[in-house]
Amino acid sequence: MARIEIPEDIARRFASARWVVAFTGAGVSKESGLDTFRDAGGVWQRERPEDLATLQAFQRHPAKIWRWYAERFRNASAAQPNPAHLAIARWEHLFPSFTLVTQNVDGLHQRAGSRSPIELHGTLAWARCDFCGSRREMGEAVEASPDAPPACDCGGLMRPAVVWFGEAMPMRAMDEAAEASSLCEVFVSVGTSGAVYPAAGLIELAHREGACLIEVNPERTPFSRLADLHLEAPAGEALPALTEAIERWRIPTA
Ligand code: OAD
């Protein structure tokens, strides 16, 4: 494995930052064995998003969509956090303010120790009623009803508590993410193609507001040209290297 070099000026800036944002996408969980969406082997290479990740698809084929999310839930539950998730959990303790914003629904950040990630696209951990909004743990719902969405007491259908294409983003989560992105000094974008808005707009916002932008992705993205540093490496290697650099240059607080 080639050593990942972090330029000293970036490492110093990172180490002395008062507010850091980590923004993650499916690539951060790739080394945990979970599929990404758009790169080689990704989910949207095999399936069309509108057939699986829209309310219309759920209304047309509830059992098919439920089974697909039940399988994703099982895969996520069986996966283990990798060194990238663990590095991000560690960063929470290294800066006066730290915000983790994720597009992922797999829960691996929390299992690595991150306390309160902003989950822009919801979570697989819960099912919620399509009609009244009441919630139930996904594990328990899937076990009780593996092949079709269980009915809610109100007569509605339970669905995964994720955000589907065409649905509104959770407003408070988006507001908090936008505030953190505009105020942070360092914004680290990890494992996202930046293809889905409004989430990807946070990268532009942070850059426009003057944050040092670090991108971690083995491939280039439309945002690579904005980045102060693009680490062309898997997150599980690049993030521990960033932690090492931060710890080298950090001025310990009393
Ligand atoms: P994508 O699949 O679009 O992008 C994943 C990115 O991770 C790609 O740019 C890869 O190059 C990169 N990647 C692959 N392996 C990596 C590794 N080991 N380390 C770091 N990066 C790696 O996934 P997202 O950007 O998360 O939304 O997709 C955004 C949204 O689109 C998802 O939240 C989901 C999807 O449709 C909804 O379902 C609403």
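In this predicted model, a polar backbone atom of Gln103 sits 3.2 Å from an oxygen atom of the ligand, a polar contact in the sense of a pair of N or O atoms within 3.5 Å. On its own the ligand would expose 790 Å², and the protein buries 94% of that (Shrake-Rupley areas, 1.4 Å probe).

As for the shell, 23 residues surround the ligand, with Phe37, Arg38, His121, Thr192 and Ser193 the closest; a residue counts if one of its heavy atoms lies within 4 Å of the molecule. The shell splits into 9 nonpolar, 9 polar and 5 charged residues, with Gly put among the polar ones. Domain 1 (1-34 + 80-121 + 169-254) and domain 2 (35-78 + 122-162) each supply at least three of the shell residues, going by bounds from an automatic or database domain assignment.

Then there's Ser189, which is part of strand 7 (residues 186-190), strands being DSSP runs of E with at least two residues. Ser189 is buried at a relative accessible area of 2%, where buried means under 20%. Setting aside neighbours within four places in sequence, Ser189 is in contact with Phe23, Ile203, Ile214, Glu215 and Val216 (heavy atoms within 4.5 Å).

Local features need pLDDT of at least 70 and side-chain atom pairs 80 or more, while totals for chains, interfaces and linings use all residues. Numbering runs from 1 along each chain as its sequence is written, and side-chain values use heavy atoms, leaving out hydrogens and water.

Definitions and conventions:
A polar contact is a pair of N or O atoms within 3.5 Å; within protein, one must be able to donate a hydrogen and the other to accept it, and residues adjacent in sequence count only if both atoms are side-chain atoms. Helices (H or I, at least four residues) and strands (E, at least two) are DSSP runs, numbered from the N terminus. Buried means under 20% relative accessible area, exposed over 50%, partly exposed in between (1.4 Å probe, protein chains only).
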